[in-house]
Amino acid sequence: MNIIFNKIAESYRKNIPFVVYRKPNTESVNGFFMRDDTLHYTTQFKETGFVFAPFNSDEKAVLFPLEKSEFIHENISIEENVSLNGNTSDEVISDKEKHLHLVEKALDEINKNELVKVVLSRKEEVQLDKFDVLLTFKKLLNSYANAFVYVWFHPKVGLWFGATPETLLNIEGNSFKTMSLAGTQVYVDSEEVVWKNKELEEQQLVTDFIESQLKPISTNLKVDKKETIRAGNLLHLRSKVEGELNNGSNLKALIRGLHPTPAVCGLPREKAEEFICQNENYKRTFYSGFLGELNLKNKNSYLFVNLRCMSVENKVASIYVGGGITKESSAKKEWEETIAKTKTIKKVL
């Protein structure tokens, strides 16, 4: 059995913080295993380690410092049969009514020109008969080859899993890469798909925002053409963005410029954030925040937006899903999109 899988089981049993993750399209996994359960935070993003940051950028990000952890890098093989369950539970009717009402309220604000876009989410709770931290992680690894797949645990914060298709930021030296990711449809049998105006416009809004945020702090900014990518049972529109940091700009300026992106918050950013806080009726905590390696070898950072994720506590899994609302949105279709997004993660359970 792989060393890293043994360490997950042992650390979880002993209530010691850890994170284990696999980057998109790679065979190997990395792990930070803390030596004790002290809570460390970062606000400047100058430290070295693994960062786990909430949606609300005013709140502190949790840090697993490299010097206080055992770091393991390992090529893994998953021998056991970890196939997914075919059945997933039916949609929750009370949730449906609430979500439809929330989307209608957002559309009213958009029609009054208060908002251009707002990303609305919900939390769906699933009761677990049996729960195995390692098996759940292995199923995620098997299901999402081209996502950032992780399990993160701190006894004073909680247990989180995810398989996110969205990069917030890769930075090597002064060069950085990010992406504009928006628009969703269910994968049927081909990635040659037709995108409607709503999705094309939504993705363009995200791209324009990223460009406007990065221009003042960077040079040689380059935005690629839109492309279709697949994540599990879903397809998204993506444009890759890259550039170089100006002298005097730093990682914190980049993070503050990008997070939260319109792909998880909306536009104008402050108004969208205010609408979310007042109307979602639950606290996102780390959902739609970001996580990843901070200033590892040669100051390289690889950060991902925390989407397609869930937290698990007392045999209840909270699954977080959302979608972008623009003037073209239909409340019914937005509900159906959230259902599509919960399907794979429910199968993992």
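The model is predicted, so local features are reported where pLDDT is at least 70 and side-chain atom pairs count only at pLDDT 80 or more, while totals for chains, interfaces and linings use all residues. Residues are numbered from 1 along each chain as its sequence is written, and side-chain values use heavy atoms, with hydrogens and water left out.

Helices (H or I, at least four residues) and strands (E, at least two) are DSSP runs, numbered from the N terminus. Strand β14, which covers residues 234-245, is mostly covered, since nine of its 12 residues are buried, where buried means under 20% relative accessible area, exposed means over 50%, and partly exposed lies in between (1.4 Å probe, protein chains only).

| Partner of β14 | Bridges | Residues standing opposite |
|---|---|---|
| β11 (residues 175-186) | 11 bridges | Gln 185 and Leu 235 |
| β12 (residues 218-223) | four bridges | Val 223 and Val 241 |
| β13 (residues 227-231) | five bridges | Ile 229 and His 236 |

Strands β13 and β14 form a hairpin with two residues between the strands, and there Gly 232 takes a positive phi near 65 degrees.

## Two contacts of helix α3

Helix α1 (residues 3-13) and helix α3 (residues 133-143) have axes that come within 9 Å and cross at roughly 140 degrees; axes are lines fitted to C-alpha atoms, for helices over the stretch in contact, and angles run from 0 to 180 degrees between N-to-C directions. That angle makes α1 oblique to α3, given that angles under 35 degrees count as roughly parallel, over 145 as roughly antiparallel, 65 to 115 as roughly perpendicular and the rest as oblique. The contact, meaning heavy atoms within 4.5 Å, is made by Phe 5, Ile 8 and Tyr 12 of α1 together with Val 133, Leu 134, Phe 137, Lys 138 and Leu 141 of α3. These residues divide into seven nonpolar, no polar and one charged, where Ala, Val, Leu, Ile, Met, Phe, Trp, Tyr, Cys and Pro count as nonpolar, Asp, Glu, Lys and Arg as charged, and the others, Gly among them, as polar.

Helix α3 also packs with helix α7 (residues 331-348), at an angle of about 130 degrees and with the axes 9 Å apart, and the two helices are therefore oblique to each other. On the α3 side the contact is made by Thr 136, Lys 139, Leu 140 and Ser 143, and on the α7 side by Thr 344, Ile 345, Lys 347 and Val 348. The residues of the contact of α3 with α7 divide into three nonpolar, three polar and two charged.

## Backbone positions in loops

The peptide bond from His 259 to Pro 260 is cis, with omega near -5 degrees, and Pro 260 lies in the loop between α5 (251-258) and β15 (266-267). Another cis peptide bond runs from Leu 267 to Pro 268, with omega near -15 degrees, and Pro 268 belongs to the loop between β15 and α6 (269-279).

Asn 15, a residue other than glycine, has a positive phi near 65 degrees and is found in the loop between α1 and β1 (18-22); at 43% relative accessibility, Asn 15 counts as partly exposed. Asn 281 likewise is not a glycine and has a positive phi of about 65 degrees, its place being in the loop between α6 and β16 (290-296), and at 70% relative accessibility Asn 281 counts as exposed.

Technical notes: Two strands pair if DSSP finds at least two bridges between them.
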